[in-house]
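Colleague: I would like to learn how to read a helix packing from a model. Could we go through one together?

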Amino acid sequence: MSPLLLLLRVSLLQSWRRLCSVREQSSLLTAIIVLFIGGYIVMAFGLFHRGLKFIGVFPGIGELLIERLLFLLFAFLFVLLLFSNLVIGYSNFFRNRETAALLTLPVPAQTVFRWKFLESTLLASWAFLFLIAPLLGAYGMWRNVPWHFYGLTVVLVGLFIVLPAVFGAWSAVNLARFLDRRAFQVAALVAAGVFFFVVKYYLRPEQVDEESLETRVLAVLDRLLAKTRFAQFPFLPSYWLSASVQQWAEGARAAAGFFVLVLLSHVLFFGALAFTRMGHLFYDATSVVHSRASVFGQWEWFRHWQDRRRQFHYRAGVLEVLFRLLPLRADVRALMVKDVRMFWRDTTQWGQSLVLFGLLGVYILNLRHFTSQISSDFWLHLISYLNLAACSLNLATLTTRFVFPQFSLEGKRLWIVGRAPRGLPRVVRTKFLLVTGASLVVTLGMIALSCHMLRMPFERTAYFAGAITVMTLTLNALALGIGVLYPNLREDNPSKIVSGFGGTFALVMSFLYIVASVLLLAWGSPWRWNRDLRDPPVLSCFAGFVALSIALGYVPLKLALRRLRNFEH
């Protein structure tokens, strides 16, 4: 058996055993997760189908809008997949203990690269597959396509995810050869900022004259869609996927087959290059990464080498100086500084947060243009609570992705932390204090900025700020508590930790809590009933929201702290 097939077999056996171990978990929790996944697929399919039907009824322009939306969706998803593969590939190739261990074995470097490439592609693309499946199913039902359309889309999506994976892996290997870790982080932040402002400038709304709107509808529509023409650039892989899907649905099998062959030829060509020629580049990049010091570290060594010759000297960094401004004990500050540095050194974690904050920034910037045309109180009320749901869902994504694995990431170092005078319960409380403070800065900023964009009065802004504060405390406590109750101390990759049973359960419970909380707050809104906060409908809904928050926040964290008192390292 070849080494690659052996690695695949071992990974499949491990995955199968993890799946079988789910039987040992609570049947109720497993049923909740299964029902949530099935409910998401059904709900997403229904929303996509109703949305396509609503747009398609517009005479003359409905199909044009749907076609352009598909091109835009796949174009943006291609960019997001490329960035996700770059970040995950960099961490999986050069910051992974399994990769370092495999390179010491009598296994060719090309085989190690192939295995980590397949693993990175799966980790970076599973969410894309989970998102796009209901949409393509709804599109096929709306078009009344034959059965073979769904088989074709499975093949096309499988081919499509290979190209951003290859380009992302190639970019990660070449960047690692020429940039150290800190320079790579700075370059990624600068690139993300430039991309954000370019998108903001390019997608700014067009000013349309009302007279021309009444007389020349097609000309105005052409102006509005002019900014989306980049998605129809024929050399983009997203264009080949979108064109083949639409041509096949319309019955133009020859044109669809042409784009399928174009996509297949590029996948075979670049995939063959990655599987046969990237091993030596990967090995050279690994040698460079693990044999050089940081550029900033070399400069610091050059400046302080005389002091270090005389005596041991530790100079306080920027984080220490900043945390000294907070009224905290020295041991609490030290643990917080350690967690922040571990987060910053893990490219996978902060790199994926750039994508999330970029999408959120584009959403907030477009709120002002979206609501400028709405004057109805009903729609403003609805949009305000949808905005609360969007901010809280973004918070749930952050807590599940970054807060849940905090305890598991201690890994084999957990016994050192547990033997410290603080003890594991106080360590978890410190982690909760850190993540809650960071989350409040993000969520309160989001809700204040979005309420300002929606032109809400101060009392409504304060109301939503209070609601998001309670939800922040609950979601952080829920994610951290479940992370302690269902740890994975053998894994150092946060993506794999989150993909387990505990991470899925934390995500499900977070989403269910958000849906229930937003419904309670919207139903008991004082502006909906035109009453005071002390009225029974308003007070009962708010009391239910507080009780639900305590049940899903305080209880898991309390159980986790109780378990840590008898935790064996």
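Colleague: How many helices and how many strands are there in the protein chain?

Modeller: This is a predicted model. The protein chain has 24 helices and zero strands.

Colleague: What share of the residues counts as buried?

Modeller: Of 569 residues in the protein chain, 43% are buried. The chain exposes about 30,900 Å², and carbon and sulfur atoms supply 68% of that area.

Colleague: What do the contacts say about separation in sequence?

Modeller: Take the contacts between residues at least 6 apart in sequence: 81% of them join residues at least 24 apart.

Colleague: Now a helix pair. At roughly what angle do the axes of H5 and H6 cross?

Modeller: The general idea is that an angle over 145 degrees counts as roughly antiparallel. Helix H5 spans residues 109–143 and helix H6 residues 148–160; their axes come within 11 Å and cross at roughly 150°. H5 and H6 are therefore roughly antiparallel to each other. The crossing of H5 past H6 is right-handed.

Colleague: Which residues make that contact?

Modeller: On the H5 side they include Phe 128, Leu 129, Ile 132 and Leu 136, along with Gly 137 and Gly 140. H6 contributes Phe 149, Tyr 150, Thr 153, Val 157 and Phe 160. By class, the residues of this contact divide into 10 nonpolar, three polar and no charged.

Colleague: And how is H5 placed against H12, parallel or perpendicular?

Modeller: Here the range to keep in mind is 65 to 115 degrees, which counts as roughly perpendicular. H5 packs on helix H12, residues 253–291, at an angle of about 105°, and the axes are 8 Å apart. That angle makes H5 roughly perpendicular to H12.

Colleague: Which residues of H5 and H12 meet?

Modeller: From H5, the contact includes Ala 109, Gln 110, Arg 114 and Phe 117. From H12, Phe 275, Arg 277, His 280 and Tyr 283 are among them. The contact of H5 with H12 has 10 nonpolar, four polar and two charged residues.

Colleague: Let us finish with a single residue. Is Ser 549 buried or exposed?

Modeller: The cut-off for buried is under 20% relative accessible area. Ser 549 has 4% relative accessibility, so Ser 549 counts as buried. Its place is in helix H24, residues 536–564.

Colleague: What is Ser 549 in contact with, leaving aside its neighbours within four places in sequence?

Modeller: With those neighbours set aside, Ser 549 touches Val 470, Thr 474, Tyr 513 and Tyr 554.

Technical notes: Residues are numbered from 1 along each chain as its sequence is written. This is a predicted model: local features need pLDDT of at least 70, side-chain atom pairs count only at pLDDT 80 or more; totals for chains, interfaces and linings use all residues. Side-chain values use heavy atoms; hydrogens and water are left out. Helices (H or I, at least four residues) and strands (E, at least two) are DSSP runs, numbered from the N terminus. Buried means under 20% relative accessible area, exposed over 50%, partly exposed in between (1.4 Å probe, protein chains only). Contact means heavy atoms within 4.5 Å. Accessible areas come from the Shrake-Rupley method with a 1.4 Å probe; for residues, only the protein chains shown count as cover. Axes are lines fitted to C-alpha atoms, for helices over the stretch in contact, and angles run from 0 to 180 degrees between N-to-C directions. Angles under 35 degrees count as roughly parallel, over 145 as roughly antiparallel, 65 to 115 as roughly perpendicular and the rest as oblique. A crossing is left-handed if the near helix is turned anticlockwise from the far one by less than a right angle, and right-handed if clockwise. Ala, Val, Leu, Ile, Met, Phe, Trp, Tyr, Cys and Pro count as nonpolar, Asp, Glu, Lys and Arg as charged, and the others, Gly among them, as polar.
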